Amino acid sequence: MVHLVCNKNEYGIYQFIYFQPSVPHAEGPLRGVARLASPDGRDVHGNVTFTQLDGKVEVKGKIYGMPPGEYGFHIHETGDITNGCLSAGAHFNPDKKDHGHPDDENRHVGDLGNVEFDNEQLSNIDFTDSVIALYGSHNIIGRAVVLHEMADDFGRSDHPDSKKTGNAGGRVACGVIGILSPVNGWMMNAASKFVTATIASFLVSANVALFQ
Ligand SMILES: [Cu+2]
Ligand SMILES: [Zn+2]
């Protein structure tokens, strides 16, 4: 938020003063949230939150409804679930790498590995990832989180899909990652600072032209 104030200075010239709070995210860390559901009517559902920490994102949540085991869990490139989870597209891969394990250097940004379901068909998700982000080129806000029907093999099997998708099979549940908090302050990136500075210097020039 940029605040603009018009006042009269000591020389009797009207001028605009603008100021910007020095802490852009005073309301807390950037947080996103996704509600996962099955477009095919399966009873698989849950909530996952993403919290931007220093250099990593904390991923926490609960998903219910899969038999005990491990299942692929990824960020896909679009937030489009108008045609079920399929329209969410491929794994989010802005750096054009191969599919891999979350700890691999060569991985898609969206490769979050597997989540594990217990005997109660519940998955308690709690991990951090240092490749996804809630700002910049690795920003996952507005994209989709997808839960698969099989385990991700991290690109390490002989299956032809291994290096593309981890051969995790069909898409059981998905949800779009939306803004949780703060409600404002998401545009404080390099580009908007540039625009702010440009508007400010325009107003400074305008003072001279209009009021002298
Ligand atoms: Cu996937
Ligand atoms: Zn991948």
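Start by selecting Phe-154: it counts as buried, because it has 22 C-beta neighbours inside 10 Å (buried takes 20 or more other C-beta atoms within 10 Å of a residue's own, exposed 12 or fewer, and partly exposed is in between, with C-beta atoms placed from the backbone). What you have open is a predicted model, where local features need pLDDT of at least 70, side-chain atom pairs count only at pLDDT 80 or more, and totals for chains, interfaces and linings use all residues. Residues are numbered from 1 along each chain as its sequence is written, while chains are lettered from A and ligands numbered from 1 in the order in which they are written.

Stay on Phe-154 for a moment. Its phi is positive, about 60°, although it is not a glycine. You'll find Phe-154 in the loop between β10 and α1 (162-165); helices (H or I, at least four residues) and strands (E, at least two) are DSSP runs, numbered from the N terminus.

Next, click Asn-167. This residue is not a glycine either, yet it has a positive phi of about 50°. Asn-167 sits in the loop between α1 and β11, and it counts as buried because it has 22 C-beta neighbours inside 10 Å.

Now select residues 171-176, which is strand β11. Five of its six residues are buried, so β11 is largely enclosed by the rest of the structure.

Which residue of β11 stands opposite Val-145? Gly-175 does. Val-145 also touches Ala-34, Leu-36, Val-48, Ile-75, Cys-174 and Ile-177, among others, not counting residues up to four places away in sequence (a contact puts two C-beta atoms, placed from the backbone, within 7 Å).

Zoom out to the largest nonpolar core, which has 33 residues; Leu-36, Ile-140, Val-145, Leu-147 and Cys-174 have the most contacts inside it. Such a core is a set of buried Ala, Val, Leu, Ile, Met, Phe, Trp, Tyr and Cys residues joined through C-beta atoms within 7 Å. β10 gives the most to this core, with four residues.

Pro-182 lies in the loop between β12 (178-181) and α2 (190-211).

Last, colour by pLDDT, the predictor's confidence in each residue, from 0 to 100. The protein chain's mean is 86, but pLDDT stays under 50 over residues 19-25 and over residues 190-198.

Definitions and conventions. Two strands pair if DSSP finds at least two bridges between them.
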